[in-house]
Amino acid sequence: MTSPNEPTHHGHDYEPQDAVEAVVPAIPIVLPMVGAALMFLLAFIAIYMA
């Protein structure tokens, strides 16, 4: 008899995917885009306040 809190396995070895490992492949694309947007916004603020 199994515990009611234990998930049932139907013949699959399921290993949950780590959230960090899912994001790592996108870092080389996303990081420069976010940096460029941040630089644009900071320059826009500096020009607006001058």
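Helices (H or I, at least four residues) and strands (E, at least two) are taken here as DSSP runs, numbered from the N terminus. By that assignment the protein has two helices and zero strands. The model is a predicted one, in which local features need pLDDT of at least 70 and side-chain atom pairs count only at pLDDT 80 or more, while totals for chains, interfaces and linings use all residues. Residues are numbered from 1 along each chain as its sequence is written, and side-chain values use heavy atoms, with hydrogens and water left out.

Accessible areas come from the Shrake-Rupley method with a 1.4 Å probe, and for residues only the protein chains shown count as cover. The protein exposes about 5,300 Å², of which carbon and sulfur atoms supply 71%. A residue is buried under 20% relative accessible area, exposed over 50%, and partly exposed in between. Of the 50 residues of the protein, 0% count as buried.

Helix α2 covers residues 27-49, Leu-41 among them. From its first C-alpha to its last, α2 with its 23 residues reaches 32 Å, close to the 33 Å expected at 1.5 Å a residue; the expected span is 1.5 Å times one less than the number of residues. The number of buried residues in α2 is zero, so this helix lies largely in the open.

Aromatic rings of Phe, Tyr and Trp (its six-membered ring) pair if their centres lie within 6.5 Å; planes under 30 degrees apart count as stacked, over 60 as edge-to-face and the rest as tilted. The structure holds two such pairs. In one, the ring centres of Phe-40 and Phe-44 are 6.5 Å apart and the planes are at 20°, so the pair is stacked. In the other, Phe-44 and Tyr-48 have centres 6.4 Å apart and planes at 15°, so this pair is stacked. Phe-40 and Phe-44 are four residues apart in α2, about one turn of the helix, and Phe-44 and Tyr-48 are likewise separated by about one helical turn. An α-helix has 3.6 residues a turn, so residues three or four places apart point the same way. Phe-40, Phe-44 and Tyr-48 form one aromatic cluster. Both Phe-40 and Phe-44 are exposed, and Tyr-48 counts as exposed at 68% relative accessibility.

Terms used. Buried < 20%, exposed > 50% of the residue type's maximum accessible area, 1.4 Å probe, protein only.
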